[in-house]
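Subject: Structure for you to look at

Hello,

Here is the structure I said I would pass on. Please open it and keep it beside you while you read the notes below.

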Amino acid sequence: MMTEQQRRGSSRPSMGDVAAAAGVSQQTVSRVVNHSDAVRPKTVEKVLQAMAEVGYSPNFAARSLRSGRTSAIGVLATDLSRTGELRTVQAIVDATRRSDFAVVLDRLEPTDDLVGAYGHAMKRMSGRVDGFIIEGLELDRLDELEVPPGAPVVVAGPTCSRFSTVGCDQAAGVRAAVDYLLALGHQTVHLVSGPAYSRQAAVRRQAWHECLETNDCDVPDVVVGDWTASSGCEAARHLKAAGATAVVASNDEMAAGLIIGLLDMGVRVPEDVSVVGFDDILGNLVWPTLTTVRQDFAAIGQRLAEELMAQLQGARHEPTSEMVSAPLVVRGSTAAPHH
C-alpha cells in the first residue's frame, strides 16, 4: 500500500505520514517531536523508526514562528582560552544537542563593567535565543544584570538569589588539599594564588587561609600569579627562599610551572617540596604526575544545560543553586616532608 507521502511524490514528508507508518495519531507524533514525557518509551521508539523510514524531520523554523520559540540558547563567556571553560561549553553543546536545542555562543571582551557588557550582549541576542547560560565565574553585581523580558538565565558561578546557579565547591576542594598536606606532616602550606581581580582566586585564597588558622598553622605570605605556567615558574624562587615544603597552586598551569621552576633550581618534587594543583586538567600530563583538586567541568556544563532546558519547558520557576563536588586526586607530586 502506498503511503500518503508516496502518492504526493517528492513533497516533504509530514507528521501524517509518520503517524500512518507508526500506526499512531498525529498528536502522539507531535508529542514525540516535542520531547513530551507523556509517551511510552516503546511508542517513542516506534515513532522515531517511522520518522526515519519516511524521511521526516521536524520543521523547526515553522515551529518557531508558531510558538515564538527559537529552540536555541545563548551561551556567554569572557574567556575561552582556558581548557576548563572550553570543556564546560562542550558539555553544554553535547547536552543541548540531545534535546534538539542549538547553541549560539558569544565571547565578551574583559571590561570593568562586565554586568553592562553581559546585559548588552543578551539584548543583542534577544529574539534569536530562548534563554541564556552565563559563564559568570568572575561576574559581580549579578542582581543588576538586565535580562530580556521572559528569558530564563542560568549562571555558572556562586549562589545568586535571582538566577539558578551551578558551581564547583572550590572551598571544600582547597580545604581537602590543605588538610591532606598537613596530615602528611608538613608544618604549613604555602599558596600560589590567582590574580587579585579574580573572584575564583579569592575564594580559594580565603579557604586556604581559614584552613590554616583552624589547624593553628602559620599563614605564609601569598605568592600571586596570573593563572599561567610562567607565573608559577617565577613563584618557585620565592617559595624556595621561604623554605616551603608544601604548596597549593590555584590552578594546574601554575602548579606545572612551579614544578619546572623548582626542578630547575635543584629542588626535588615531591621529596623536597610537595605541590598540589587545582582543576585536574594536567594531572597525568606532567611529571611527577600532579596531585590536584578536580573540577568536573563536564558535569557543570551538563547541569547548566539541564537547568535551563527545565526552565524553558516550564518544569521549574524558582531559582535553584547546585554545587558540584571538587575531590582531591592524589598522584605523585606530594609526599611526607623530607627530613
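Predicted model: local features only at pLDDT ≥ 70, side-chain atom pairs only at ≥ 80, totals over all residues.

Residues are numbered from 1 along each chain as its sequence is written, and side-chain values use heavy atoms, with hydrogens and water left out.

Helices (H or I, at least four residues) and strands (E, at least two) are DSSP runs, numbered from the N terminus. Helix 8 covers residues 170-183, and its 14 residues reach 20 Å from the first C-alpha to the last. That is close to the 20 Å expected at 1.5 Å a residue, where the expected span is 1.5 Å times one less than the number of residues. An α-helix has 3.6 residues a turn, so residues three or four places apart point the same way. After helix 8 comes Gly 185, with a positive phi near 115 degrees.

Strand 9 contains Ser 274. Is Ser 274 buried or exposed? Ser 274 is buried, because its relative accessible area is 0%. Contact means heavy atoms within 4.5 Å. Beyond its neighbours within four places in sequence, Ser 274 has contacts that include Leu 181, His 186, Val 247 and Ala 335. A polar atom of the Ser 274 side chain lies 2.9 Å from the backbone nitrogen of Ala 335.

Six strands form an open sheet in the order 7-6-8-9-10-12, with mixed pairing; two strands pair if DSSP finds at least two bridges between them. Strand 7 (223-224) and strand 12 are at the edges with a single partner strand each, so one side of each has no neighbour in the sheet. Strand 6 (residues 190-193) and strand 7 run parallel and are joined by two bridges. Val 192 stands opposite Val 223 in strand 7.

Last, helix 11 (residues 252-264) holds Leu 263. Leu 263 counts as partly exposed because its relative accessibility is 41%. Leaving aside neighbours within four places in sequence, Leu 263 touches Arg 268 and Val 269 by the contact rule above.

Regards

Definitions and conventions. Buried < 20%, exposed > 50% of the residue type's maximum accessible area, 1.4 Å probe, protein only. Polar contact = N/O pair within 3.5 Å; in protein donor to acceptor, adjacent residues only side chain to side chain.
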